[in-house]
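Look at the model below.

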Amino acid sequence: MTTSSELIGVIERRSAHNYHPLPVVISEAQGAWVTDVDGRRFLDCLSGYSSLNFGHGNEKIVEAAQRQLARLTLTSRAFYHDQFAEFCAGLGDLTGKDMILPMNTGAEAVETAIKVARKWGYEVKGVEPEQATIIVMEDNFHGRTTTIVSFSTDPDARGGFGPYTPGFKIVKYGSVEAVREAIDANTVAVLVEPIQGEAGVLVPPDGYLTQLRELCTAENILMIADEIQSGLGRTGRTFACEHENVVPDMYVLGKALGGGVVPVSAVAANADVLGVIKPGQHGSTFGGNPLACAVGNAVIEILRTGEFQERAARLGEVLHARLRELIGDGVVTVRGRGLWAGVDIDPSLATGRQVSEALMARGVLAKDTHGSTIRLAPPIVISEEDLLWAVDQLADAIKSFR
Ligand SMILES: Cc1ncc(COP(=O)(O)O)c(C=O)c1O
């Protein structure tokens, strides 16, 4: 039998060190629980960064994938296939948008949104050629491509990867005034995470999204909501923008759209926006493939019932109420919405990494972000009992550093 430590040894020698994983080698999973190669069980409180909202091995999603695997997996977009109509119509209905452009990873969908916004700027808004700018937020996380890291404010994500793509203005997250001041005749879009996940589950001030929406409308600028991590049930609504009844011009979706099975991402917008893309101008060999669409269709079907959104809202209340009790007890602040929380640990006690390791020793998998923040985002299928148990383990892990 090969043990965790033997496998980790090989991985450390033979894979690039672009991540710093916790020392656990997972080999099986079901629902909210995973099992490692040594037979230990852990409660997954990360969900593949919100990709596994509907749980590991979700029956409906796995069945859809298996059925499709045996029938047809790839045609490329050179031809139509029989899963595509349902995917575009279903996701269009879910977002309330006319059109869908499918891709694979989140970063590709963000790149798509950037290209669409620039083209819309030139062809519809009438911005001078090569002058389009997009306003983005400090501490954003939209992926890892060279263009996307060009407007990152995280030195690790950006440093050493220049020359950088021009055409972005970075403003303070949560400040509508800062956006207003940055707008000029060349501004084509504002790209925003309704809640900043990687930054530590930062929820903007009440009214921010509403005012941003109003400003974008008034200035003829596209509002692009990156709902890759915040969307599809996580916050207790289908989209985090719904908490303020805001409808962006473009939704950027990914992660949970692939049900934790395959990478599926997409941009959703109305025809006056997405219609600017013509044959040959954008695409991907795998984007919108039959397997991805079949899985996406199962996800859309699940979301249509509202069951997961309601569950995330209800369990989110339980999670946040219990986490708030820890404030002052090694926890400085708790933020978040629905089944999604950023927990700031008192930095004089331990780093986020140390707390994650202590949590792992207690059977809970969660990951630190930005120094002393622990992010909790369990699969929405988690039971209330397991959720409370996870918070108890967090309290105990923090206590161990006192
Ligand atoms: C808000 C947001 N946008 C984009 C991405 C990039 O997605 P991917 O890793 O699939 O490229 C992420 C990933 O964490 C994300 O959280």
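Helix H14, residues 384-399, gives the largest share of the lining of the largest cavity: three residues. The model is a predicted one.

Now for the histidine. Where does histidine 142 sit? Its place is the loop between strand E5 (133-137) and helix H6 (146-150). Histidine 142 has a relative accessible area of 4%, so it is buried, as the limit for buried is under 20%. Its side chain makes a polar contact with the side chain of aspartate 226, at 2.8 Å. Beyond neighbours within four places in sequence, histidine 142 is in contact with several residues, including Ala107, Val110, Leu191 and Glu193.

Next comes the ligand. His142 and Asp226 are both among the residues around the ligand. Others in that group include Thr105, Gly106, Gly143, Glu198 and Lys255.

| Residue | Part of residue | Ligand atom | Distance |
|---|---|---|---|
| Alanine 107 | backbone N or O | oxygen | 2.8 Å |
| Phenylalanine 141 | polar backbone atom | nitrogen | 3.4 Å |
| Glutamine 229 | side-chain N or O | oxygen | 2.7 Å |

Alanine 107 also links back to the histidine: Ala107 is in contact with histidine 142.

How values were computed
Residues are numbered from 1 along each chain as its sequence is written. This is a predicted model: local features need pLDDT of at least 70, side-chain atom pairs count only at pLDDT 80 or more; totals for chains, interfaces and linings use all residues. Side-chain values use heavy atoms; hydrogens and water are left out. Helices (H or I, at least four residues) and strands (E, at least two) are DSSP runs, numbered from the N terminus. Buried means under 20% relative accessible area, exposed over 50%, partly exposed in between (1.4 Å probe, protein chains only). A polar contact is a pair of N or O atoms within 3.5 Å; within protein, one must be able to donate a hydrogen and the other to accept it, and residues adjacent in sequence count only if both atoms are side-chain atoms. Contact means heavy atoms within 4.5 Å. A residue is near a molecule or strand if one of its heavy atoms lies within 4 Å of it.
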